[in-house]
Amino acid sequence: MSTTTLAWIVLLCPLVGTIVIGAGFKVLKGSAAGVIGTAAIGLSFAFAIATLISLLGHDPQHRELTSSVWDYARTLNIDARMNILVDPLSVFMLLVVTGVSTLIHLYSVAYMESDRGYTRFFAYLNFFVFSMLLLVLAGNFVLLIAGWAFVGAASYILISFWYRRTTATRAGLKAFVINVVGDVGLVLGTFFIFGHTGTVDLIKTFHLVPHVFPHSNNADLVAGCLLLLVGAFAKSAQVPLHTWLPDAMEGPTPVSALIHAATMVTAGVYLIARMHSLFEAAPAAADVGAIVGGATLLIAASIGLVATDLKRVIAYSTMSQIGYMVMAVSVGAYSAGLYHLMTHAFFKALLFMAAGSLISAMGGVQSLDRMGGFRKAMPFTFAMFIIGGLALSGLPPFSGWLSKDDIIGFLDHRGGGFLLLGIVGYTGALLTAIYTFRMIFRAFFGQPVKEAQELADGHLHHVDVPRNPATDEVEDIDVGFPGSAHHIAERAVPMKVAMSGLAVLALIGGAAQIPGVDHALSSFLDTTFADSTIIRQEPSTSAAWIGLVIGAGIALAGIGIAYVVWIARPGTSAKLIERFAPVHTFLINKWYFDELIEFLIVRPALWFGRFCETVIERVFVAGVITGGTVSIIRAGGALVRRAQTGFVRYYAAVVVAGITLTALYFLLTSS
Amino acid sequence: MAIGWYLVVSALIFVIGAAGVLTRRNPLVILLCLELMLNAANLALVAFARLHGREDGQIFALIVLVVAACEVTVGLGLIVAMYRRGLPIDVDELNELNG
């Protein structure tokens with residue numbers, strides 16, 4: 001089979017999975033839906049590997065393949081087709097998405113077992129994977145936008161999966177609205193670019209850029225790229241369009257692992273990497289991307305230091321890590337950014353899975369304040385948390401160490417203002433190590449809590465009355481709420497297998513690219529970025545290794561600080577909070593971004609809506625337009641109503657009189 | 001050929017029928033008067049056909065007969081229904097359908 005045929009099959013598998021599970025939801029009993037869903041994605045992954053092998057069979061210069069099945073619209077200037085673009089970048093994304101998805105599907109088979117919406121869950125999850133694959137395979141802007149919107153919709157339905165939880169539905173709405181802001185940005189940006197190039201095909205657009213925009217920083221191109229960035233920021237939760245991501249943790253934990261850590265939120269990174277030809281012709285826009293990425297990574301990491309909800313700490317960490325990636329692909333470190341995307345997908349999905357297991361052991365409680373001492377009771381989950389945490393902090397030899405410092409090394413090498421971003425990156429790395437180990441020390445060390453003791457005695461804690469962890473509202477276990485039983489990795493084989501797989505990847509995933517040893521990833525991706533001028537400026541091997549050593553030192557320092565504050569001298573953190581109370585309040589309120597958006601956008605919009613309702617709707621529409629028409633018709637009706645007496649002979653008389661008069665008229669005029 | 005007298009008779013019958021429809025209150029009589037009006041029209045049609053020497057008018061008269069038969073069926077059916085329901089057999093009493 002040809003390479004593109006294989007890629008089509010990769011795209012088709014999850015779609016078939018969705019349809020089969022969705023259509024057969026009444027027939028599928030037990031874990032059948034989970035098995036079908038996992039098999040569909042596993043098959044998709046197998047075909048993704050086949051696509052990779054087939055693509056490697058091509059000459060490096062000819063690894064940019066397109067395939068079209070049908071045309072949507074082909075007129076003078078539009079060439080929208082159902083076509084895919086198979087090149088190293090899209091195949092790389094295929095592998096990451098399908099690979100991580102397979103493991104998370106496997107995890108969900110056990111984790112969601114007692115949930116009444118089990119079948120629905122897998123139908124949604126398969127739909128999400130299909131949307132994501134459509135996004136990364138899209139060969140033109142139209143399909144890209146379609147995939148982009150599908151992914152947003154999938155995210156919305158999965159955040160609101162427990163639809164009887166008011167907090168979950170509200171979080172879903174928030175995510176959807178902010179994502180639509182991004183969709184609008186993407187569409188408008190496409191218009192700006194399409195207006196000049198006259199094609200929606202991606203490859204043609206990239207080839208046309210040097211001819212259409214011969215000078216750097218063409219105003220229209222910069223505007224278009226900035227609008228594309230709005231799309232990327234909304235999808236990838238970058239400041240100021242990030243507030244939906246922490247709230248998205250209302251969804252089931254596998255959803256957080258798959259969508260809000262490993263795949264969907266990296267779509268913005270993919271978009272910038274995919275559009276690198278445009279961004280390199282518009283360095284002003286690229287700089288904006290880099291600065292926003294840097295700002296996000298610091299802001300998110302600082303909030304992660306004080307957040308007490310376990311999943312939200314990891315969510316802020318995700319925002320922060322995506323900040324690194326956005327920064328990397330904006331400054332031209334494409335392979336480094338994508339490398340970090342891959343390793344982050346591994347260790348962040350792993351952390352979320354471990355967090356899910358821990359939350360299960362707590363009977364659904366997510367607050368770090370109530371956890372502690374789980375080290376003995378949950379040795380496997382603890383080990384997974386440590387592996388994920390070390391990879392996230394960037395300690396050798398874990399994958400995060402190599403990938404993060406690849407980005408920072410590139411920034412340092414470019415010098416100038418980029419050096420400043422490099423320092424931001426190192427600061428972020430320090431914060432990352434601190435909040436990661438704050439989380440681990442608080443959850444696993446110290447005095448075992450009641451739940452941990454119960455578990456150590458061999459009994460999984462079970463709450464009789466389930467409550468919403470955010471609001472403490474009483475819930476039931478029917479459809480629309482989480483199921484009755486909780487599952488921990490220690491007792492569920494599928495969860496254990498999935499987590500072990502990711503742990504191995506988080507350990508050895510860094511082997512894809514080691515300075516001076518191998519550069520498999522960057523040379524593979526080279527075809528996609530062949531036209532880039534920046535990518536050649538890579539740091540020397542020795543400089544890269546110095547960066548790696550500094551990175552490792554910073555990670556160790558961060559872990560050391562966390563150890564001192566939360567283990568060696570308990571109570572230090574309380575003292576710190578007391579001492580820096582205003583800072584703590586500021587951080588715990590998430591830098592007041594929600595309030596800022598509320599004040600700047602939501603309030604004016606509400607005010608405008610109310611104005612429209614009271615003035616335009618009531619006075620103008622209801623009063624003048626509708627009211628006027630109604631009274632005219634009513635007056636006319638009252639006038640003619642008198643003619644309708646109900647007497648048949650009266651009607652007959654009117655008819656006879658009418659005909660007689662008409663006849664008389666014609667008689668008189670004809671003579 | 002002079003058709004004046006035919007038309008005069010036709011007009012007379014039509015006016016008699018129209019006057020009956022307008023003045024009588026018994027639906028049965030109104031129906032009969034309607035028949036008179038239709039047949040007056042038929043007479044005029046046949047007379048004109050004869051005048052022009054063509055058969056169009058005669059065929060048209062036949063079609064009017066068919067329509068008249070249908071109309072009588074419906075009309076009689078209504079009257080029978082009115083009788084069966086114990087409604088007054090008087091068109092002036094049946095005036096509920098007013099504005």
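Helices (H or I, at least four residues) and strands (E, at least two) are DSSP runs, numbered from the N terminus. The model is predicted: local features need pLDDT of at least 70, side-chain atom pairs count only at pLDDT 80 or more, and totals for chains, interfaces and linings use all residues. Residues are numbered from 1 along each chain as its sequence is written, and chains are lettered from A and ligands numbered from 1 in the order in which they are written.

**Exercise 1. Describe the secondary structure and the spread of chain B.**

Step 1. Along the sequence, chain B reads α-α-α, with 3 helices and 0 strands in its secondary structure.

Step 2. Its radius of gyration (taken over C-alpha atoms) is 17 Å, well over the 13 Å from the globule rule (2.2 Å times the number of residues to the power 0.38) for 99 residues, so chain B is more spread out than a compact globule.

Step 3. Along the principal axes, the C-alpha atoms of chain B fill a box of roughly 55 × 25 × 25 Å.

Step 4. Of the 99 residues in chain B, 14% are buried. A residue is buried if 20 or more other C-beta atoms lie within 10 Å of its own, exposed if 12 or fewer, and partly exposed in between, with C-beta atoms placed from the backbone.

**Exercise 2. Work out what each chain brings to the contact.**

Step 1. Chain A gives 11 residues and chain B gives 10 residues; two residues are in contact if their C-beta atoms, placed from the backbone, lie within 7 Å.

Step 2. On the side of chain A that touches chain B, helix α26 (residues 648-670) supplies the largest share, 5 residues.

**Exercise 3. Characterise the pairing of β1 and β2 in chain A.**

Step 1. Strands β1 (residues 65-74) and β2 (residues 79-86) of chain A run antiparallel and are joined by 7 bridges; two strands pair if DSSP finds at least two bridges between them.

Step 2. The two strands form a hairpin with 4 residues between them, and A73(A) has A80(A) as its bridge partner in β2(A).
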